[in-house]
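Visitor: I'm new to looking at protein models. Could you walk me through one, feature by feature?

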Amino acid sequence: MKKTSLYSIGAVGLVLTTALANAATQPLDTCISAIQKQKPGELIKLEKLIVSGKPVYEFEVKDSSGNEWEFMCNAQNGKITEQESEVINAENEAFKKHLKISEADATATALKAHPGKVQEVEYEIEANGDASYEIDIISDKGVETKVEVDAGSGKIIETATETWEIGEEADEKR
């Protein structure tokens, strides 16, 4: 997992470090354009993930109201495949109304499937209104896996392996 710094993001695109120098920029540019049309704001983190064997970019954006959004974008064609909003904790009303599984139970489910150390837990509202926990786990080999657990059913709904990350959220646990 390669980490580097995110320098600046503006309405016309990104200024990235050499981590992206070898990446195909057309799909990345297409993703950024589409996201900025849907949710203008500050890009605070960009990750490249592997989801179901396919490369995906995950963008974290903070809008002008301070709300955080997560966009998944196909790294091959630049199409947005998923949009979620992030909330601060499980007490958020939108999250709480779908909550049936505790964070501890969701974490236990994620760790059973992907043993390691929990780096961070995020609380997300899916596009359909459902609530989910996104649990970032670091394996003993240093590989980061994101395990999304449905807060209503307790089932794993998505697993992604991180290839690299640029930027960091201010409230991210380490």
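Visitor: How many helices and strands does the protein have?
Guide: Keep in mind that this is a predicted model. The protein has three helices and eleven strands. Going along the sequence, their order is β-β-β-α-β-β-β-β-α-α-β-β-β-β.

Visitor: What share of the residues counts as buried?
Guide: Of the 174 residues, 44% are buried. As for the accessible surface, the total is about 8,900 Å², and carbon and sulfur atoms make up 50% of that.

Visitor: Now the rings. How do I read a pair of aromatic rings?
Guide: You describe such a pair by how far apart the ring centres are and by the angle between the planes. By that kind of rule, the count here is five aromatic pairs. Take Tyr 57 and Trp 164: their ring centres are 6.3 Å apart and their planes meet at 50°, so this pair is called tilted.

Visitor: Where do Tyr 57 and Trp 164 lie?
Guide: Tyr 57 is in strand 5 (residues 54-62) and Trp 164 is in strand 11 (residues 156-167), so the pair ties together parts 107 residues apart in sequence. Both residues are buried. They also share one aromatic cluster with Phe 59.

Visitor: What kind of aromatic pair do Phe 95 and Tyr 123 form?
Guide: That one is edge-to-face, with 5.6 Å from centre to centre and 90° between the planes. Phe 95 belongs to helix 2 (residues 93-96) and Tyr 123 to strand 8 (residues 117-125), so here the parts being tied together are 28 residues apart in sequence.

Visitor: Is Tyr 123 buried or exposed?
Guide: The cut-off for buried is under 20% relative accessible area. Tyr 123 comes out at 11%, so Tyr 123 counts as buried. Phe 95 is buried as well, with a relative accessible area of 0%.

Visitor: Which residue lies over the face of Trp 69?
Guide: That's Lys 39, at 4.0 Å from the ring centre.

Visitor: Let's go to the nonpolar cores. Which residues of the largest one touch the most other members?
Guide: This core has 16 residues, and the ones touching the most other members are Phe 95, Ala 106, Ala 110, Tyr 123, Tyr 133, Ile 135 and Val 149. The elements giving two or more residues to it are helix 3 (103-113), strand 8, strand 9 (131-138) and strand 10 (144-150). Strand 9 gives the largest share, four residues.

Visitor: What is Ala 110 in contact with, leaving aside neighbours within four places in sequence?
Guide: Ala 110 is in contact with Ile 135, Ile 137, Val 147 and Val 149. There's also a second, separate core of 15 residues, with Leu 43, Phe 59, Cys 73 and Trp 164 among them.

Visitor: Back to strand 9. How many of its residues are buried?
Guide: Seven of its eight residues are buried, making strand 9 mostly covered.

Visitor: And how many bridges join strand 9 to strand 8 and to strand 10?
Guide: Eight bridges join strand 8 to strand 9, and these two run antiparallel. Strand 9 and strand 10 are antiparallel too, joined by seven bridges. Follow Tyr 133 in strand 9: its bridge partner is Tyr 123, and it stands opposite Val 149 in strand 10.

Visitor: Which residues take a positive phi in the hairpins?
Guide: In the hairpin of strand 8 and strand 9, with five residues between the strands, Gly 129 has a positive phi near 95°. In the hairpin of strand 9 and strand 10, also with five residues between the strands, Gly 142 has a positive phi near 85°.

Conventions: Residues are numbered from 1 along each chain as its sequence is written. This is a predicted model: local features need pLDDT of at least 70, side-chain atom pairs count only at pLDDT 80 or more; totals for chains, interfaces and linings use all residues. Side-chain values use heavy atoms; hydrogens and water are left out. Buried means under 20% relative accessible area, exposed over 50%, partly exposed in between (1.4 Å probe, protein chains only). Accessible areas come from the Shrake-Rupley method with a 1.4 Å probe; for residues, only the protein chains shown count as cover. Rings of Phe, Tyr and Trp (its six-membered ring) pair if their centres lie within 6.5 Å; planes under 30 degrees apart count as stacked, over 60 as edge-to-face and the rest as tilted. A charge sits over a ring if NZ of Lys or CZ of Arg is within 6 Å of the ring centre and within 35 degrees of the ring normal. A nonpolar core is a set of buried Ala, Val, Leu, Ile, Met, Phe, Trp, Tyr and Cys residues joined through side-chain atoms within 4.5 Å. Contact means heavy atoms within 4.5 Å. Two strands pair if DSSP finds at least two bridges between them.
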